[in-house]
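Me: Could you take a close look at one part of this model for me? I'd rather have a single region in detail than a tour of everything.

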Amino acid sequence: MAAAHDVSVVSMSMNYEEFDAGDSESMLSSMIGELLWFVVGYCIIRILIHLGFMRGINLGFPNLGNRDAASSKRRCAVKALCAAASAGQHSEVVEAWDREKDTPLPLDALTDSAQALAQVAPERLVSELSVHLAHNGAAHPQPATMNTLLEIVMQFGRPDLAEDLASAIQKKLRVVPNSKTREILISGFAAAGNEDKVQELEEKEEEGAKNAAVRSGALAIRGFLRGGNLDAALQRMVSMKSRSLDVPAKAITELFKVAGKLGPNRVREAFDSLVDHVQLPTESFAILLSHCLEREDIELAQRLDSLVCEQQSRLPFGIYEPLLKLYAKTGNPRALVLFDRMQHEGIAISEGLCGNLLARCGESKNFPFVDAIVAYLRGKSMMTLAIFKTLMKLYAGCGQYDHACDIYEQVLAEGLEPDHVMYGCLTKFALKCGRTKLSQEVFSKCKGSDIQSYMCMIRSAGQDGDADRAIELLRRLEVSREQGLDIAVYNCALDACVMNGRMDLACPLLSEVSSKGFANIVTYNTLIKGYVAKGELARARHVFREMEAAGMQPDSASYNCLMGFMATAGSLAQALEVVAEMDLKGVPVDCYTVSIMMKVAKKARNPRDASRALAVLDRVSGAEVCNDEVLFNTVLDACCARQDSQRMSKVLSAYKASSMKPSVHAYGLLIKAYSTLKQPARCQALWVEMVGARKITPTSVTLSCMLDALICARQVESAVSLLDEWKAKVPANTVMYSTLIKGFAAVGDADRATDMHRAMQADGLEMNLVAYTALIDAHARAGKMDEATRLLAQMQAEGCEPNIITFSSLVRGHCAAGQVDEAYQVFSSMSGRGLQPDVVMFNTLLDGCVRHSHFKLADELLALMTKLAVQPSNFTLSIVVKMWGKRRQLGKAIDVVYASMQDASCRLDAHVCTCLMSACLHNNAPDRALDLLAEMKGWRGCEGPDAGTYSALISGLARRGDCRRAVEVAKQACLARLARPLSEESLALLFGALQRR
């Protein structure tokens, strides 16, 4: 065997030697050739890389020492890119992307780059990302990377970019989109509101893939909701249900959440759209009921309550809670039913929820529910001090201070000790219901009573007329508070002294406070109020000087004290002087100042004083007036009383622009104001709003205002119908019937006025002065003077004494019938009764004298007016101008107008101007009339000339055939932009004169 082996080895050795000898030369030649080709190829590649036709290739052996350094550098660049993205430095991220996009990037760096491109350079995103993935596709799993990038792009609301990117990746990498890709696109286009694209993508789903359709539908709904497109989401839900596809409960719940953010009406719309198509999940009911609770939408809550009870036999706590809170607040008896049902179902009701429900019951005074909650808490031994405090505040908030105080005994019976806050509240409530003994007991038990409790006790002492006790309490508080007291406590004690007229205590207290340097403007104002209440204006003025000496400027409240007293006392001129003083001192008026001045304006007999008082209204905005209904009512009342249409219109415009909800009293004043402005349609609208939309029952005053508005609009029969409609709910009174009688008097229907008299007697109402006067006026206007005289005798026989207005009606009736002497006899008999005639009475009789040419009596009446210091009105002036015109003494007519203008407070109305034109024409002085027309346009405080003035002059000139000048006057009237057009009569005369020429 060994010999054989040796032979074999020798044989193989011989073969190798033969091979080496034969082929060594050819092998060497082949190796040299391959080496030469490798060197040539390497040189070509390096040249191509250098020229930029190829990317650098690491061949391993040439740069082995630099491979780790290059890898480390690339990792640092990637980290820098991600850090810039985290810092929100998108421009830096794009710059890093430009440097590294030719090398493979990890997924996080790639997504950061996509995010930066979407924000900074969206036009580059599709091309550069698709190229990068095409070159480095092996580094990223597909299509997962594509879906990740699509989600990034969708975050920026660019579904178009996402779709383009998906198409580019699919084309370059042959990546087939999967279901996730389609879901991303559907959700993105839905969020962008592109319903057509969503529909197109959904149609690409495989037929019969029900689960995929449900999922894509849910994604579309979620996308629509994310974009706030509630209508599209609702349509998609209804569409899914029509195709027998289940709408995910989560999508329905999300829809109601979004609807709540879009507005209260949208929630109701969403509910109405879905309730008949889909079954609402429990979570949706909870969201809807929470919305109802927030908006206090009781109607929708009741619908939801009924629906959820039909669907579910056992309700979760999330349904019960909002329903109970809403029903408790609105006083719905259903709250008690649900509360009992919760107990029956064994649902735990927490003390916190019970406390919340109790607090809400206070608004609706739902005391049966309160008793049920208390019974439950007692049964569970859960009556804590917090619950008792809530109960106490509930009763106090409803004005039941006695019940609130009774809680104290219940607290003690439960073995609880009231805390500091409860003692303080009990002190206040006991004082409010007059339980002085309890207030003192509680106050004495409260160790270290708080300042508020002391102040309540001090106020109570003041209200009880015990100023000495108020000072005693102040001293006790001083002893217990070593750190000193706030000025509010001293002011409270000072007020207690002032309200009882104890200025002997108030003055030393002011001196004490001033010496400590505590006194503030409230302190001084309180003392001013005290002196003003006693009528000691000189001392009140002295306090003003003390205040200024102490370095304090009196404020509007200081002056309002003086002004209010003067207005109440009838010293209207002095009140106006206070306003002037405020202006001098630079003290702005406030709402209280305006309110006082409105009362002054209403009371003022002198029109000039009334005008000055009303001018204060111009210093506040209409919005400020509407913010305070008391002020609003006072302003409207004053404007109506003074017939100030301009300011009234300003206030009413502010009311229209405000959110004010008028009370029944304010409605009456609003109707009265619009009636004054001759806007009966607005009066009707306000009435319908009050009794129809707001379900407010009118008071007798408001109904009287509406009746008066209808009568002013000459709708007397409508007023009678309105009274008949409402007198079952609002008992008719004498004022209402008097208003109706006045209405029929105004239209000259004495018979219907008598019918109202009979209806009034049928309702058991007695005639009074106003009713009799209205009835006499109705007959006087109808020329039935015998009946008017009989009614005068009847009212006197019934013990009802006539007044100036009654006699004025009789005088007017006699004058209208041409019975001037009889009118003068009535006038004289009135004077014999001690009634001094006013300007209206004089005007009535003067007008009758002038109409029937009783000029001698007219002169006597004018002399008597001067003797009795009766201030003539514009109507008086117009009568006098007519008189002198008829007496052919034009110069005196013009002189009386000039004389009246010497009074700075005089404001000539347009009627005086018209009478002056008529006087000139009557005296055949058209040239003088034209001169006066030009002149009166520049008269200070003159409201004319108006359409009546121009019409009178045009008619006079046309009658004289002076067409040229009549046409010129007509042109002037057109250019003057008059409030009313020229009369038809004047234009007819002018056209007739022109035709005759």
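Reply: Here's a walk through the second largest pocket and some helix packing that involves its lining elements.

Before that, some housekeeping: this is a predicted model, so local features need pLDDT of at least 70 and side-chain atom pairs count only at pLDDT 80 or more, while totals for chains, interfaces and linings use all residues. Residues are numbered from 1 along each chain as its sequence is written, and side-chain values use heavy atoms, with hydrogens and water left out.

The pocket comes to about 1300 Å³. Of its 41 lining residues, Asp708, Cys712, Thr739, Lys742 and Val770 sit closest to the centre. On a 1 Å grid over the protein atoms alone, a cavity is a set of points where a 1.4 Å probe fits but cannot get out, whereas a pocket is an open set with protein on both sides within 12 Å along at least five of seven lines; lining residues have an atom within 4 Å of a point. Points are joined across faces, edges and corners, and the volume is the space filled by probe spheres set on them.

Which elements give two or more residues to that lining? They are helix 35 (629-642), helix 37 (664-676), helix 39 (700-712), helix 41 (734-746), helix 43 (769-781) and helix 45 (804-816). (Helices are DSSP runs of H or I, at least four residues, and strands are E runs of at least two, numbered from the N terminus.) Helix 39 supplies the largest share, seven residues. By class, the lining splits into 16 nonpolar, 15 polar and 10 charged residues; Ala, Val, Leu, Ile, Met, Phe, Trp, Tyr, Cys and Pro count as nonpolar, Asp, Glu, Lys and Arg as charged, and the others, Gly among them, as polar.

Stay with helix 39 for a moment. Its axis and that of helix 38 (residues 680-693) come within 10 Å, crossing at roughly 150 degrees, which makes the two roughly antiparallel. (Axes are lines fitted to C-alpha atoms, for helices over the stretch in contact, with angles from 0 to 180 degrees between N-to-C directions; under 35 degrees is roughly parallel, over 145 roughly antiparallel, 65 to 115 roughly perpendicular, and the rest oblique.) The crossing is left-handed, meaning the near helix is turned anticlockwise from the far one by less than a right angle; clockwise would be right-handed. Cys683, Gln684, Trp687 and Met690 of helix 38 touch Thr702, Leu703, Met706, Ala709 and Leu710 of helix 39, where contact is heavy atoms within 4.5 Å. That's seven nonpolar, two polar and no charged residues.

Now helix 35. Its axis comes within 9 Å of that of helix 36 (residues 645-657), again at roughly 150 degrees, so this pair is roughly antiparallel and crosses left-handed. Phe632, Val635, Leu636, Cys639 and Cys640 of helix 35 meet Arg647, Met648, Val651, Leu652 and Tyr655 of helix 36. Nine of these residues are nonpolar, none polar and one charged.
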